[in-house]
Each structure stands twice: as C-alpha cells, then as structure tokens.
Amino acid sequence: MCIGYDNYNNKEANMNGTHQPVALYAGVEGGGSHSAIALFDADGKCLAECQGSCINFLLIGMPETERRIRALVDDALQKAGQPAHTTLRALGLSLSGCEVDETNEAFRQNLLENHPTLTESCFVCSDTVGTIATAFEDGGMCLIAGTGSNSLLLKADGTTHRCGGWGHLFGDEGGAWWIAHEAIKWVFDEDDNLRKPPHSTEAVREAIFTCFGVTDRFGLLAHAYTKFEKQRFAALCEHLAAAARHGDPLCLQLFKEAGAWLGRYIAALLPNVDKEMLSAERGLQIVVVGAVFRSWPLLRDGLLEVAGPLLPAFQLLELRGSLCSGAAFLAARRAGHRLPRDCSQHTKLLCSWRQ
C-alpha cells in the first residue's frame with residue numbers, strides 16, 4: 001500500500017527498492033446536486049477525473065460529507081491506477097456552504113482525524129474561492145448571478161473580501177430570484193393601483209402565468225407561501241429573458257437594472273483591490289458564474305454604466321469545466337508546492353472593457 005510521499009513506510013519501501021513514492025494532489029468540487037474530483041501529479045498532469053453526488057454538509061451532514069469525499073478519492077485513485085488508500089500529498093475541497101473560516105477549520109480537522117490516511121494536508125474553501133483559484137493564477141474577482149448573487153475578491157496573499165450572498169430576504173439583487181420578484185411585484189402593484197409601471201405588463205403577466213400554471217394573482221399565493229420553492233421563482237427568469245429578447249420594454253428594463261446591481265457588486269469591492277490587479281495589461285480580471293449570465297446582452301448596458309466609469313479596464317470571463325483544478329492548486333500551495341497549470345484553459349472571454 002502506497003501511503004504518501006513523506007510517510008515513513010513509503011520512505012522505507014523506497015529504500016528497499018519496492019517502489020518509488022508518488023506525490024499526488026486532488027481537488028474536489030462539491031455542491032447541492034453534484035460533486036467532482038480531479039487527481040494530479042506534481043507536474044500538474046491530470047491523472048483522473050470522477051463525478052459524484054451532492055457534497056454539501058449543510059444538506060447531508062458532516063459524517064456523510066466525509067464519507068463521500070473519501071469515496072471520491074478512492075474512485076480517482078482507482079481510475080488513475082494508483083494503489084488503494086494511497087495517501088495524498090494535499091487535498092483541496094471547494095464546497096458550497098463552506099463560507100465561515102472557523103467552520104471550515106473544524107471540518108478540516110475532523111476529516112483528518114477520522115480519515116488519517118486520506119491526505120497529509122487539506123485545504124477547505126467555498127466554491128466561490130475555488131472558482132477564482134481555477135480562473136486566475138494569483139487572485140481575482142468572482143461575480144455570481146444564479147438564483148442569488150454576490151461578489152468575492154481573492155487577493156494574491158490569500159485574503160478575501162465579499163459583498164452580498166445573504167439570500168433572498170436580505171439581498172440577491174441582480175440574481176434570477178430578484179428579477180422574478182421585481183417582475184411579479186410590478187403586476188401586483190399595478191393591479192392594486194399602488195404604482196404605475198413604466199411599460200406594459202402584458203408580456204410579464206403572460207410569462208408569470210405560464211411559468212406557474214396559474215390564471216391570476218391569487219394562484220401565485222400558494223407558490224409564495226405554503227408551497228414556496230425559490231428555484232421555481234428563479235425559473236421565471238428564463239421566461240422573462242425570452243420576452244426581453246423579443247423586445248418587451250419592461251423585461252428589457254428589468255435585466256438592465258439587474259446588470260446595474262451586478263455592477264454595484266463589483267464597485268463595492270474596488271477599495272480592496274490591489275493596484276497590481278487594476279494596472280494589469282488587460283485590466284481587472286473578473287470571472288462570472290451563474291445562469292443569469294446566459295442573458296449577458298441584456299445585462300451589459302446596466303453593468304457597464306455602473307462599473308465602466310470606475311475602472312480603466314476590466315475583463316469578464318466565463319469558467320469552463322469544474323473547480324477541481326483551483327481547489328487542488330490552493331491545497332498544493334498550502335502544502336508548499338506550486339502546481340503547474342494553464343489558467344487560460346479554464347476560462348473564455350465574455351466581455352472586455354476599456355475606457
């Protein structure tokens with residue numbers, strides 16, 4: 001059994017000439033619906049990739065989260081042709097729900113105590129930090145607009161700053177939930193004679209009633225309260241985007257306002273951005289994540305009106321593939337090794353702006 005590069009048994013086996021130790025690094029991406037792992041050697045070559053089910057300790061609990069991580073590592077080792085239960089040099093975990101440093105550290109310690117042969121070193125971070133580490137070599141910014149919204153800055157020294165991410169009751173402006181809520185509120189307010197919408201609500205009404213399968217406002221109440229599902233409201237965003245692409249003025253305005261909010265999420269972090277990031281040849285690098293960015297042409301004017309005047313140049317980049325390489329890179333760096341990689345392979349350009 002191969003159990004780690006610096007492990008005594010491994011050294012002894014090497015001295016006896018039975019085999020050469022191999023330093024292996026792994027990165028895990030974990031979310032509410034799926035997980036993935038990638039296994040690398042010390043030169044950054046990907047040896048194996050595997051998929052798994054949900055890994056989110058808030059949903060499945062700590063013990064089951066640990067079990068699934070162990071199973072993913074075992075699957076990757078087997079696929080790479082490595083001995084069973086080989087100890088990794090470093091394991092990076094980029095998981096949704098891992099937003100609090102104290103909780104992450106407790107999770108890391110428990111994992112190492114309960115699975116002492118899993119890895120010599122472990123690094124735990126949020127999926128947002130993992131996204132930035134996957135896209136950029138030495139830090140950058142992440143802007144998220146999925147069901148919810150937030151932004152996060154990861155600096156070269158590893159420090160982070162964030163804005164938003166507080167859920168639909170306290171934020172999520174510019175995300176799919178917010179866009180849907182704003183559309184529904186215009187319909188309710190118009191019918192109550194509370195305020196007059198700036199444009200006709202005809203297309204918005206049709207989108208709402210079609211999405212929820214109702215015929216009037218009262219039919220929405222059960223979906224809003226007794227049978228509330230945030231994802232159901234977020235799904236309305238696709239219907240509104242379709243109406244906007246067909247030129248509906250109110251839907252166009254909703255997406256422009258969403259873009260403006262996302263621009264504010266960028267602006268909120270600028271006081272913490274290092275000068276080196278701002279003065280880079282291509283400007284500040286921002287990786288964008290979330291289904292709302294599929295409607296980028298509808299968001300563009302609003303975002304640029306807010307963020308454009310504040311920055312000499314910036315680029316928005318979309319992530320390609322999983323967060324596994326970023327998680328592995330962070331873990332390897334924490335263990336004292338800089339894992340070679342080409343970040344450009346993990347992103348594609350969405351927008352380039354220069355004053």
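Student: Where in the chain is N193 found?
Tutor: N193 is found in the loop between α6 and α7 (202–212). The model is predicted, with local features needing pLDDT of at least 70 and side-chain atom pairs pLDDT 80 or more, while totals for chains, interfaces and linings use all residues. Residues are numbered from 1 along each chain as its sequence is written, and side-chain values use heavy atoms, without hydrogens and water. Helices (H or I, at least four residues) and strands (E, at least two) are DSSP runs, numbered from the N terminus.

Student: Why does N193 count as exposed?
Tutor: Buried means under 20% relative accessible area, exposed over 50%, and partly exposed in between, with a 1.4 Å probe and protein chains only. N193 has 72% relative accessibility, so N193 counts as exposed. The phi of N193 is positive, about 60 degrees, although N193 is not a glycine.

Student: What makes G130 buried?
Tutor: Its relative accessible area is 0%, therefore G130 is buried. G130 belongs to helix α5. Leaving out residues up to four places away in sequence, G130 touches S94, C125, L323 and G326, where contact means heavy atoms within 4.5 Å.

Student: How do you know that strand β4 is mostly covered?
Tutor: In β4 (residues 90–95), six of its six residues are buried. A90, G92 and S94 on one side and L91, L93 and L95 on the other are all buried, and both faces are covered.

Student: Which strands pair with β4, and in what sense?
Tutor: Strands pair if DSSP finds at least two bridges between them. Strand β1 (residues 24–30) is joined to β4 by six bridges and runs parallel, with V28 opposite L93. Strand β5 (residues 122–126) pairs with β4 in the parallel sense over five bridges, and L95 stands opposite S126.

Student: Why is α3 called oblique to α4?
Tutor: Helix α3 (residues 62–79) and helix α4 (residues 101–114) pack at an angle of about 60 degrees, with axes 11 Å apart. That makes α3 oblique to α4. Angles under 35 degrees count as roughly parallel, over 145 as roughly antiparallel, 65 to 115 as roughly perpendicular, and the rest as oblique. The axes are lines fitted to C-alpha atoms over the stretch in contact, and angles run from 0 to 180 degrees between N-to-C directions.

Student: Which residues meet between α3 and α4?
Tutor: M62, T65, E66 and I69 in α3 meet T103, F107, N110, L111 and N114 in α4.

Student: What makes β8 and β11 edge strands?
Tutor: The open sheet of six strands has the order β8-β7-β6-β9-β10-β11, with mixed pairing. β8 (160–164) and β11 (347–354) each pair on one side only. Neighbouring strands are turned by 20 degrees against each other on average, direction ignored.

Student: How many bridges join β10 to β11?
Tutor: Seven bridges join β10 (residues 313–319) to β11, and the two run antiparallel. E318 has K348 in β11 as its bridge partner.
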